[in-house]
Structures are given as structure tokens and as C-alpha cells.
Amino acid sequence: QTPRYYAQRAACYGGIDSNERAIVDLNEAIKLDPMNAEYIFRRSIGYQLLKNYSKALNDANGAIDLKPRNPEYLLGPAQIFYDTKDWVAEIAACSKCIQYNPAYATAYAMRGEAKKNCGDASGAQRDYARAISLGYRE
């Protein structure tokens with residue numbers, strides 16, 4: 001079997017809330033294609049949905065190591081930090097994403113939310129305004 005088929009079946013499992021089975025298939029895909037950042041990132045999402053945040057963060061960072069300028073991958077740790085309510089780390093992860101992708105509206109919106117949660121209303125307002133100006137839509 002090819003790694004793509006494992007990854008496709010993993011997506012189907014994820015779609016039916018069987019994240020454990022999705023991770024098993026993604027493990028197989030990664031064994032066959034260990035440099036595939038997409039498979040690693042998708043496994044990170046599976047771990048995140050299972051609330052295994054240490055493995056999720058490890059995989060999110062692994063995907064970034066392979067594709068350091070991919071905005072979706074760069075925002076992966078921020079999404080994990082959002083779940084764990086680590087607002088300071090979320091702000092840092094969003095800022096890193098913005099550094100490489102200054103027109104990525106979602107990163108500004110997420111950073112604005114984290115700043116709001118930290119009590120930085122003016123910083124949050126600036127980030128929300130920037131996200132809106134870039135066409136952010138939920």
C-alpha cells in the first residue's frame with residue numbers, strides 16, 4: 001500500500017470521529033513517507049482532538065521543521081495553545097506565523113483573541129482590525 005492510501009483512509013476515520021484509527025493509519029503513512037509534512041500535521045490534529053497536547057505539539061513542530069513557511073503549519077501550535085489556554089505561547093506562535101506570512105488574516109484574528117484573553121484590549125483591537133482589513137471571515 002502507498003502512504004497516500006493510508007492518509008486518505010485516515011481522513012475518512014477523522015470524518016467519523018475515529019481519531020485513534022486515523023492516527024494508526026497516519027503512523028503507517030509516515031513510516032512509508034517520513035518527510036511528508038502534511039501527514040505529520042494531520043496526525044498533530046488527531047492528537048489535538050484526542051487532547052494529547054504534547055504529541056500534538058511535537059507533530060505540529062515536526063511539520064514546521066519540514067515546511068517552515070507554511071502558514072497552516074505555523075498556526076498549528078497556536079491552535080494547540082488555544083486549547084490549553086496558554087495565551088502567551090499562542091501569541092508567540094501567531095506572531096511567528098505573521099512574521100513569515102504578514103497577510104494571513106487568521107493569524108491576526110487568533111492573536112487578537114489571545115491578547116484579549118491576556119487583558120491586552122488595545123493590542124487585541126489592533127489585531128482584529130488588521131484581520132478585518134485582510135478580509136478575515138470566520
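Me: How far does α3 reach from its first C-alpha to its last?
Reply: Keep in mind that this is a predicted model. α3 has 13 residues, and at 1.5 Å a residue the expected reach is 18 Å. The model comes close to that, with a reach of 18 Å.

Me: Which residue caps the N-terminal end of α3?
Reply: Look for a side-chain oxygen that lies 3.0 Å from the backbone nitrogen of glutamate 38. That oxygen belongs to asparagine 36.

Me: And what do the buried residues of α3 pack against?
Reply: The buried residues of α3 include Tyr39, Ile40, Phe41 and Tyr47. The buried residues of this helix pack against α1, α2, α4 (53-66) and α5 (71-83).

Me: How wide an arc do the buried residues of α2 cover around the axis?
Reply: The buried ones in α2 are Asn19, Ala22, Ile23, Asp25, Leu26, Ala29 and Ile30. They sit on the same side of α2, because the arc they cover around the axis is only 165°. As background, an α-helix has 3.6 residues a turn, so residues three or four places apart point the same way. For α2, then, the arc is 165°.

Me: Is arginine 111 buried or exposed?
Reply: You'll find arginine 111 in helix α7 (residues 105-117). Its relative accessible area is 13%, and the cut-off for buried is under 20%. So arginine 111 counts as buried.

Me: Which residue's side chain is joined to that of arginine 111 by a polar contact of 2.6 Å?
Reply: Leaving aside neighbours within four places in sequence, arginine 111 is in contact with Ile91, Cys94, Ser95, Ile98 and Asp127. The polar contact of 2.6 Å joins its side chain to that of aspartate 127.

Note on methods: Residues numbered from 1 in each chain as written. Predicted model: local features only at pLDDT ≥ 70, side-chain atom pairs only at ≥ 80, totals over all residues. Heavy atoms only, no water. Helix = DSSP H or I, 4+ residues; strand = E, 2+ residues; numbered from the N terminus. Buried < 20%, exposed > 50% of the residue type's maximum accessible area, 1.4 Å probe, protein only. Polar contact = N/O pair within 3.5 Å; in protein donor to acceptor, adjacent residues only side chain to side chain. Contact = heavy atoms within 4.5 Å. Arc of directions from axis to C-beta. Expected span 1.5 Å × (residues − 1).
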